[in-house]
Amino acid sequence: MPKYKFATLCLFALSLVTISAQKVADVIRPGEVWLDNRGTPIQAHGGGILYLHHTYYWVGEDRTQTNDPDKRYVGCYSSTDLVHWTFLKQLAFTDPEHIGPHWILERPKVFYNTPTKKFVLYIHLDGPGINNTDPNATGYKLARVGVYTSDHIDGPYTYIHSFRPLDQESRDIGQFIDDDGAAYLIFESRPTKGFFIAQLSEDYLTVAKQTTFIPARLEGGAVVHYKGLYYVIGSHLSGWAPNPNVFATSPTLSGPWTEMQDIAPPETNTYGSQSSFLLKVSGSKGTTLIYMGDEWKPKELWDSRYLWMPLDIGVGTLKLPAPAPWTLSTKSGVATVLSATVPSP
Ligand code: DGJ
């Protein structure tokens, strides 16, 4: 082989190695163990993202196997690129309402309130009932939210109160911050056979008013605003088991909402995941909308995985593509889905 051809071949091979090395390190891999900066699997299940001062904060349920069974835990991480996450704190909470040993803290979401400079943490607070005397009693009868505040994203958090938003049962909660900064709580209520989106009060400590009620029995609700349309997604009620998640759109947050449609081929059960959050990343070249879902393992919750994928969005259409490794530039807002064979690090 002529020398110049050999040299070109070598250069080509070298560039491939460089590209794949960069990609290996910077790739989001749906369904794989996602390690933080300590090399520990990220514990932020049923979580949400707060974007503040050019930093993303991921807050969710910490289900570490060795956790104290009397406490409930929230994992808190930060990132600037949404790929590499720095562990900030494992926040530990004690039963705030004397619910009993089987009290439930799920789907924590943190808001930042600019006027009070407080981080406001909402949790789905549940269990068999307040002051239940049977230590074995379990269940989701309480259906409330709990609210905490802190001066820092990673605590310590002070318990404020618990309540049923709009006097309705509230199970899975979601959060939405609109482009104008207004903050909303999304919550599911069984008796009304649907879910609510409600605007928070000025200090975020309570719910001020109903924005919309969507008469669809869905949980894991999440909302995003994109090119003049609001997209809401949710999961059917099947416990920890995945089901075909659906979406609807509306020109305003208060409706009218379209009929629900599947976000993925229904036989895939949303590729084995359940909706948790929709994240909009806008940059110099475009906007990526990210589906954040949980692949729950109910018997090994600590090993539940995350399915994050950039969504295919048209005008009023939304599709969750089949999971594959992908990269994202938070600067340009551009996501690139890679071939499924990109090697793991
Ligand atoms: C479905 C919810 O979305 C989860 O957060 C959790 O509450 C499970 N149900 C419990 O069965």
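Buried residues make up 52% of the 345 residues in the protein, where buried means under 20% relative accessible area, exposed over 50% and partly exposed in between, with a 1.4 Å probe and protein chains only. This is a predicted model, in which local features need pLDDT of at least 70 and side-chain atom pairs count only at pLDDT 80 or more, while totals for chains, interfaces and linings use all residues. Residues are numbered from 1 along each chain as its sequence is written, and side-chain values use heavy atoms, with hydrogens and water left out.

**Overall build**

- The secondary structure comes to 2 helices and 23 strands; helices (H or I, at least four residues) and strands (E, at least two) are DSSP runs, numbered from the N terminus.
- Along the principal axes, the C-alpha atoms fill a box of roughly 85 × 45 × 45 Å.
- Of the contacts (heavy atoms within 4.5 Å) between residues at least 6 apart in sequence, 50% join residues at least 24 apart.
- The protein exposes about 15,600 Å², and carbon and sulfur atoms supply 56% of it. Accessible areas come from the Shrake-Rupley method with a 1.4 Å probe; for residues, only the protein chains shown count as cover.

**Aromatic rings**

- The whole structure holds 20 aromatic pairs. Rings of Phe, Tyr and Trp (its six-membered ring) pair if their centres lie within 6.5 Å; planes under 30 degrees apart count as stacked, over 60 as edge-to-face and the rest as tilted.
- Phe176 and Tyr230 form an edge-to-face pair, 6.1 Å centre to centre with 85° between the planes. The pair links distant parts of the chain, with Phe176 in strand β9 (residues 173-177) and Tyr230 in strand β14 (residues 229-235), 54 residues apart. Both Phe176 and Tyr230 are buried.
- The pair of Phe196 and Phe213 is tilted, because the ring centres are 4.7 Å apart and the planes are at 50°. Phe196 lies in strand β11 (residues 194-200) and Phe213 in strand β12 (residues 207-214), 17 residues apart.
- Phe196 is buried, with a relative accessible area of 4%, whereas Phe213 counts as partly exposed at 25%.
- One aromatic cluster is formed by Trp34, Trp58, Tyr77, Trp85, Phe87, Tyr306 and Trp308.
- The charged end of Arg38 sits over the ring of Phe87, 3.6 Å from its centre; the criterion is NZ of Lys or CZ of Arg within 6 Å of the ring centre and within 35 degrees of the ring normal.

**Strand β7 and Thr149**

- Strand β7 (residues 144-150) contains Thr149, and 6 of the 7 residues of β7 are buried.
- Strand β6 (residues 118-126) runs antiparallel to β7 and is joined to it by 7 bridges; strands pair if DSSP finds at least two bridges between them. Tyr148 in β7 is the bridge partner of Leu121.
- β7 is also joined by 5 bridges to strand β8 (residues 158-163), again antiparallel. Ser162 in β8 is the bridge partner of Gly146.
- Thr149 is buried, with a relative accessible area of 9%. Beyond its neighbours within four places in sequence, the contacts of Thr149 include Lys118, Phe119, Pro156, Ile160 and Leu205.

**Ala324**

- Ala324 is found in the loop between β21 (318-319) and β22 (326-329) and counts as buried at 11% relative accessibility.
- Not counting residues up to four places away in sequence, Ala324 touches Ile28, Pro30, Met309, Val337 and Leu338.
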